[in-house]
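The following report concerns a single structure, shown below. It treats charged pairs, aromatic rings, strand pairing and confidence in turn.

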Amino acid sequence: MAESTLSSVTYRVKRGAGGAAGWLASVWRERRLFRWATYLLAVMLAFLLAGYIAVTRDLPDAEALLDYQPSLPTTVRGVDGEIVHSYARERRVQLQFDDFPEPLINAFLAAEDKTFFSHGGIDAGGLVGAVTDYVSKMGSDERAVGGSTITQQVAKNILLTNEYSITRKLREMVLARRIEGVLSKQEILELYLNEIPLGRRSYGVQAASRTYFDKDVGDLELHEAAFLATLPKAPERYSRAANFEETRGRRNFILDQMAENEFITQAEANAAKAKPLELAPFRSQVPSVDAGYFLEEVRRQLIDEFGENSEDGNNSVYGGGLWVRTSLDPEMQDAARVALREGLYRYHGSRGWTGPVATIDFDDGPWESQLASTGLGINYEGWRVGVVTQREGGSATIGFSDGETAPLSGLPNALKAGDVIVASQSGNGYRVRSLPEVGGGFVAQEPLSGRILAMQGGFDSRLEAFNRATQAKRQPGSSIKPFVYATGLDNGMTPSTLVDNSRYCYQQAGGRGQKCIRGGRGGSYPMRYGLEQSQNIMTVQIGMQSGMDNVVKTIETMGISEDVDPYAATTLGSEETTVRDIVNAYSALVNHGRLNEPTVIDYVQDRNGKVIWRADRRECDGCNMPEWDGQPMPRLGLSGKQAMDPRTAFQVVHMLEGVVQRGTATVLADLDMPMFGKTGTTTGPKDVWFVGGTRDVVTGVYLGFDEPRNMGGYAQGGTVAAPVVKRFLEQIKDRLSGEPFVAPAGVRMVRVDRATGKQVFDRWPTGEPRAAVIWEAFKPNTEPPRYTRRDELERRRKQILELLRRAQNSIRREASERAAPVQREEPPADFVEDQGGIY
C-alpha cells in the first residue's frame, strides 16, 4: 500500500512538472514579449554580476583591520624619562575605546551617524538622501552630501581613497558591510575616533583636543566636544577664525541633535550653546627642551637604522610609533646652550651687525608666507625673526610671519628691504640685533659609558642646521698633545723624563738642508712641564722619539682622526677631527683607557613596548633566571674596548690636572674641584679649543669662523674656549660629585720635585698649585732617581741664568725703542708655520 501511494505521488509531480515545462515552452513560442523580457532580465543579471565583480575586484580585506597599525609619530624621551620631543608630520595619538568620554562619543554620533549602533554598516535613509542630493547636483560643481555611516568613513579613511565617484561609494558600501562582520561596533568606533582627520594636521580626537584646546579628551567640556564633532564635515573651514559664525551654527545644531536623541537634556544643550568658541592658538610642534642639534642627531641616526616613512618598514621614524630613550640631560643641555652663546657673544664683542640671516624677494609672493616657509626662528631673550618690509633713509618697518608689522630702529647702513633679521622689542617697535659671526660646537659626555648628555652645534638650530659639534672637521691644535704624550709613556718615557726644549732640527725638502727651530724656553724639562705649558718643541721631540708611526696609531685607535699623516706637524694637531670625537677620546682617558662609542640613543622600543635596539650590547648571563641559584649576583662586564694601557691613561689625566692648576687653563682653577683638560689654538689663530672636565662629565668646545680665518692674536684656547666650559660647569656644579680621579692597579704615586722630576724623600706635597714637591704617577720600576743637593744647586743656577737672560732682553728692548725706527726684515717662518701645524 505504501509503495502504491509513493508511486502515485511521484506520478503527479512528474505530470505537474511536465505540464509547467510545457506551458513555459508554449509561452516562449507564442509570446514574443515574454522572450524579450527574459533576454532583458538575463542581460541585467549579467550586468549586475559584472558590476559587482568590477566594484569588488582588488577590494581590501576587511580582516586587515584586525591587525591594523596606523602611522604614529616617534616619541623621544630624555635621560630622566620625560618626553622632550616627537618626530611627526601629522599629529596622532592612539586611545582605547574606554578612554573616550561618553559626551564626546555622543557628539560624534549625533553629528555623523545617529543610528550607528542599529544599522549593519549602511544607513538606508541616509543612502536615499545622498542619492537624491547627488541627482539634484548633477552637472554642477557642487559636491553632493556623502551620506556615509561611520563604518563607511572607516572604510574610506583606512582602506580606500578619497576619490569622488560612484564607484568609490559602491566599494565603500560593500567594504562597510564586510567590516561590520569582522569588527564589533566598539572596535569600529575606536578606529574612527583615532583616525578621523580634524584639521591642523591632527588625526583623531585626542590629537585634535590637544591642538584646539590644549587638553586631553577626558577634560573636554560639552561645548568643546561638540566643536570637535563639527570638524569631520569640513575641518579646514570650521577651524578658521574667519568662519567662526558658521562653526558656531554647526556646533549648536549638533548640541540640539544630542538633545533630540536624548544624549543630553535641552537645558544642557542651551548652556553649552551659550559658551564662546575659545580655541588655543595654532602652534607648530616644537621640542619641550631647546635641544635642536641633539634631537636632529637622534633623528638622523633613527632614519639610518629604521627608515623615514611607513614604506621603509613597520618601525619607521614617521610612521612606526617608536619610543626612544635618549641620553639628553635637559639641565645640562640648557647649561651648554647658555655657555656657548655667552662665549660666542663674548668674542663677538662690539663688532656690530653681521648681516641678514636670509633674504626675501617680494616679487615671489606674499612676504608673510615666504617668511613662514623659511622655518627660521630663535629662542633667545624674546628675540624674533622678521623681514624688513621697507627701508627709507633712517626709517624702516619689520614684518613677522603672522602678518604683524612694527617700526624698526637701530638701522645699520647696509640694511635693506627684503633682509631677514633678528630683532628685539624696543618701546612700541623693534630694534635690530646682531648675531655672532663666529661659530662653535660643544659636547658634554658621560666618560664611563660614552653617553652624550648635551650637544650644542651653533647659536640656534632654528637659524642654522649645520651641527658644528658633529659635522665640522677642524684642526684640534694642542688639544691633540695628550695623545702624543700617551704614546711617549707607552714607549719608555715617564712624566719625569727630561725632554729638550731648546730646538728641533729637521731636514727640509728639495735638498735645502737641515733647519733647526728654537723652543720657547731653552733647556730640558720634565715631560709634565711640556704638557702643562703646551711646549711645541718638547711635543715634537716626544713624538719623534716615540716613533711617528706609533703616534699615528694612537690617534687612529682613539677614534680622533682617520688616515693620519706621520708628520711632525701631526703632533701639534694639524689633522682634523670633530668635537664629539675628541671628547670621546678624552673620556677614554678618564675611563682608564676603555673607549666607548659616543651615543645619543640608549634604546628604542616599538609601539608595543618591545626593545628593538639598544646601545649597550653587553650580555648579562643569569640576569633573567626565574629563581635565584644561590650564586653571587650576575653583573654586566665592562663596556667599550681597551684602547690604551689604563696606567698610561691615568698618567695623562694626572698631568692634565696640572694644566688646570698652573698651566694654560688656570681660568678653571677657581672652580675648586678635581679637573683635567687641555687648551688648543690653531695657527692664525683660526680655532680655539678646550677639552676636559671632571670624573663625572667630560666636555669639549671649539670656536672659530665657518670659513676659517684669523680670530686675532689675543684669541687663545685658555682665554676664549676654556671660559665656555667654566660657565657650563658653574651651572651644573651642584650635580657633580667632586671626587678625584682614581688610579688603576699598577700605578705608583711618588713624591717628585716638580722642576726636575726627581724623587723627593725629605718633603711632602702641600697641595698648593705651584708647590715645589708634587705627587707623580709612575708605572712600576720606572720611578726617577732621588733628588740631591747637586740638583738643588743646578736648579738655582738655572733660575739665576733665567733672570739674567730676562734682564738682558729688557735692556735690548729699551735700547731698540730709543733708536730711530728702521725697516726690519720679516722674521723667518717658524716651525709651526712651515709645517702647517698649530700651537
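## Salt bridges

Glu296 forms a salt bridge with Arg299, with 3.0 Å between the closest N and O atoms; the term denotes a side-chain nitrogen of Lys or Arg within 4 Å of a carboxyl oxygen of Asp or Glu. The two residues are three apart in helix 13 (residues 292-306), so about one helical turn separates Glu296 from Arg299. An α-helix has 3.6 residues a turn, so residues three or four places apart point the same way. Helices (H or I, at least four residues) and strands (E, at least two) are DSSP runs, numbered from the N terminus. Glu296 has a relative accessibility of 36% and therefore counts as partly exposed; buried means under 20% relative accessible area, exposed over 50%, and partly exposed in between (1.4 Å probe, protein chains only).

The model is predicted: local features need pLDDT of at least 70, side-chain atom pairs count only at pLDDT 80 or more, and totals for chains, interfaces and linings use all residues. Residues are numbered from 1 along each chain as its sequence is written, and side-chain values use heavy atoms, with hydrogens and water left out.

By the salt-bridge rule the count comes to 43. Asp706 and Arg468 form one of these, their closest N and O atoms being 2.8 Å apart. This pair links distant parts of the chain, 238 residues apart: Asp706 is in the loop between strand 24 and helix 22, and Arg468 is in the loop between strand 13 (452-456) and helix 16 (481-490). Asp706 is partly exposed, at 37% relative accessibility, whereas Arg468 is buried, with a relative accessible area of 3%.

Salt bridges that share partners also join Asp290, Asp334, Arg337, Arg341, Asp460 and Arg462 into one network. Within it, Arg462 bridges to Asp460, and their closest N and O atoms are 2.8 Å apart. Here Arg462 is partly exposed, with a relative accessible area of 27%, while Asp460 is buried at 1%.

## Aromatic rings

A search of the whole structure finds 19 aromatic pairs. Rings of Phe, Tyr and Trp (its six-membered ring) pair if their centres lie within 6.5 Å; planes under 30 degrees apart count as stacked, over 60 as edge-to-face and the rest as tilted. The ring centres of Tyr347 and Phe705 are 6.1 Å apart and the planes stand at 70 degrees, so this pair is edge-to-face. Tyr347 belongs to helix 14 (residues 330-348) and Phe705 to the loop between strand 24 (698-704) and helix 22 (717-732), so the pair ties together parts that are 358 residues apart in sequence. Both Tyr347 and Phe705 are buried. Elsewhere, ring pairs link Tyr345, Tyr380, Trp383 and Phe459 into a cluster.

The charged end of Arg92 sits over the ring of Tyr203, 4.2 Å from its centre. The charged end of Arg237 sits over the ring of Tyr238, at 4.9 Å from the centre.

## Strand pairing and a buried helix

Two strands pair if DSSP finds at least two bridges between them. Strand 12 (residues 439-445) and strand 13 run antiparallel and are joined by four bridges, with Gln445 partnered by Ile452 of strand 13. Their hairpin has six residues between the strands, and Gly450 there takes a positive phi near 85 degrees. Strand 13 is mostly covered, five of its five residues being buried.

Strand 8 (residues 395-399) and strand 9 (residues 405-409) are likewise antiparallel, with four bridges; Thr397 stands opposite Pro407 in strand 9. In this hairpin, which has five residues between the strands, Gly403 takes a positive phi near 95 degrees. Strand 9 also pairs with strand 11 (residues 429-433), in the parallel sense over two bridges, and Ser409 has Arg431 in strand 11 as its bridge partner.

Helix 7 (residues 185-195) has eight of its eleven residues buried, so it is largely enclosed by the rest of the structure. Among the buried residues are Ile188, Leu189, Leu191 and Tyr192.

## Confidence

The protein chain has a mean pLDDT of 86, and 83% of its residues reach 70 or more; pLDDT is the predictor's confidence in each residue, from 0 to 100. Over residues 820-839 the pLDDT is below 50, and this stretch has 43 contacts in the model beyond near neighbours in sequence, a contact meaning heavy atoms within 4.5 Å.

Methods
Lys NZ or Arg CZ within 6 Å of the ring centre and 35° of its normal.
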